Structure formats: structure tokens, C-alpha cells
Amino acid sequence: MATEQELINRWDSFLGKITARFHESLSHAQEACVEQLIETDYEYETVFIAWQGMKAQIRELIAKIDSTWSEKVEPEMRAIGDFWTDHHHKGSELSDKLEEALGAFERMLEGKLSQQFYDHTIRLAEKKHKCTQCDAGIVLKKDIFRAQYITCTYCNTVNTIEPEAAFMKIGWGVVDNIAKVKAQTEYDRLLQTEEALRSQRKPIAESYWQAYESAYFNYWERFFEERNLLNSESIKRLEADRERKRTEFEKYKKIQTS
């Protein structure tokens, strides 16, 4: 039978291997997704479906921490003493840490893939179109991702231009993913204030809520700003989006303070 120290060493070694495999998996996933985006001639949805499969496998890796502890490590430790209580937290803390890292990685990866798709696809707006009346050149707007109604500067005819499907996909979340990454500094601050908020016992001091509220709205304002620069039509729903975020904040605060 293994000694106490041998079991502790095995558990620590296992957690170290899981951590190493986790980071290797992230690196592989990024390389694979970027390569696939290019190889498929920028089939955006195909790459994101592939990423979902990779993410599921990474989550299975994280889940091994809990299953290995419950099925093997804890029983073996219990069999020779009660020291297991001093080591259970290692697994749960690592699981939380890896889940958090996975979320941050996904945000970065989706932003990176979206930026590459955007840079490649936005050039479709430069495709030459002609006025249906006088054959003069028509230029698409690069910040509207639907059928465009453009007045010819020569004969004033209103032309309906249907952009290519790939170009219109930019407005289906690609812009949002890019805006999220551009607002990363504000998002990091939001996470910091949220963590500080959750670490407090109730009733939570108002100063923590004020810090969180400031970070919350600073992030969303920066996100909206970056999104609007790329997609001018999102400006039309800016006030509605702001009101929705105010409602979400008040609902969250009410739940946390009740």
C-alpha cells in the first residue's frame, strides 16, 4: 500500500500533468482554428463548429480532475488516514482556475478569428458595382452588412446592391467579437471589481458596488463605441442596449443584496 506522501505526490503530479495538457490543448486549438480558417477559404461557421468540439474535449480534461479525485485519489487517501481533507481543495481550485482560463482563451480566440475574417472579407466591399441606369461606379459602404440602397452621384438613381453573403456575415457577431477584444482592458477591470464584490460578506459595502458599477458601465460603453465604429447600424439600437444593460445591472444588484 502506498504511503501518505506517495499519494500526495501522485495527486500533485496528476494535477501538474492536467495543467500542462490543458495549455498544450489551447495552443493546439488556436493553431488548428487559424489554419482551418485559411484552408476553408474563411468558412467562419465551420471553424467555430470545430472550436466547439475542441472546447468540449478540453472541458472533459478539466472534468477528469473531479472524477479522478472521487473515484481513485480520495478513497486511497481515506484508506490510510484523514489527511485527504488537506488536499481536496487542490483539485477544485485548479478546476476553477482552468475554467476561468478557458473562458479568457475563448474570448481571445473568437476575437482573433473574427478579426482575420473581417480583414479578409471586408475587401468584398471594394468589388465594383455599376449604376443600373448610367453604368457609373457604385461604392458599397463598409459599415453596413445588408442590402444597401445607394444613390448614384451622377444620375441620382437609387440602386439596390446585395453584398456577397460572406460580407453580410460580418454583421452576425463578427463585429461583436472584435469589439469585445478591443475593450479587453475595461473587461479585465470589470472582472477585478466583480471578484472583489463576491469576496465580501453581506451586507456588501456600497463602495464595492460603486466600483463594480463604474467598471460595468465603462466596459459596455467601450464595447458599444468599438462596435459602432465597425457597424454604423448598431448606433440605432444604442439607447435600447444601454437601457438593457442598466436593467441587467439593477437586477443583478437586487439578487446579490437580497
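Aspartate 41 is exposed, with a relative accessible area of 58%. Exposed here means over 50%, buried means under 20%, and partly exposed is in between, using a 1.4 Å probe and protein chains only. Before I go on, two sentences on the source. This is a predicted model, so local features need pLDDT of at least 70 and side-chain atom pairs count only at pLDDT 80 or more, while totals for chains, interfaces and linings use all residues. Residues are numbered from 1 along each chain as its sequence is written, and side-chain values use heavy atoms, with hydrogens and water left out.

Back to aspartate 41. Aspartate 41 sits in the loop between α1 (4–39) and α2 (44–78); helices are DSSP runs of H or I with at least four residues, strands are runs of E with at least two, and both are numbered from the N terminus. The phi of aspartate 41 is positive, near 55 degrees. Most residues other than glycine have a negative phi, and most peptide bonds are trans. Asparagine 156 also has a positive phi, about 65 degrees, and is not a glycine. Asparagine 156 is in the loop between β3 (148–151) and β4 (158–161), and counts as exposed at 58% relative accessibility.

On the peptide bonds: lysine 202 and proline 203 are joined by a cis bond, with omega about 0 degrees. Proline 203 belongs to the loop between α6 and α7 (206–230).

Next, salt bridges. How many salt bridges does a search of the whole structure find? The number is 21, where a salt bridge is a side-chain nitrogen of Lys or Arg within 4 Å of a carboxyl oxygen of Asp or Glu.

I will show three of these pairs. One is lysine 169 with glutamate 45, with the closest N and O atoms 3.2 Å apart. Lysine 169 lies in the loop between α4 (165–168) and α5 (174–182) and glutamate 45 in helix α2, so this pair ties together parts that are 124 residues apart in sequence. Lysine 169 is partly exposed at 23%, and glutamate 45 is partly exposed at 34%.

Another is glutamate 106 with lysine 55, where the closest N and O atoms are 2.6 Å apart. This pair links distant parts of the chain, with glutamate 106 in helix α3 and lysine 55 in helix α2, 51 residues apart. Are these two residues buried or exposed? Glutamate 106 is buried, at 15% relative accessible area, and lysine 55 counts as buried at 12%.

The remaining pair is lysine 245 and glutamate 248, at 3.0 Å from N to O. Lysine 245 and glutamate 248 are three residues apart in helix α8 (residues 238–257), so about one helical turn separates them. Lysine 245 counts as buried at 8%, whereas glutamate 248 counts as partly exposed at 34%. Both belong to a network of salt bridges that links Arg227, Arg237, Asp241, Arg244, Lys245 and Glu248.

Last, helix α6 (residues 184–198), which holds glutamate 194. Glutamate 194 is buried, with a relative accessible area of 17%. Leaving out residues up to four places away in sequence, glutamate 194 touches Tyr212 and Tyr252; contact means heavy atoms within 4.5 Å.

That is the end of the tour.
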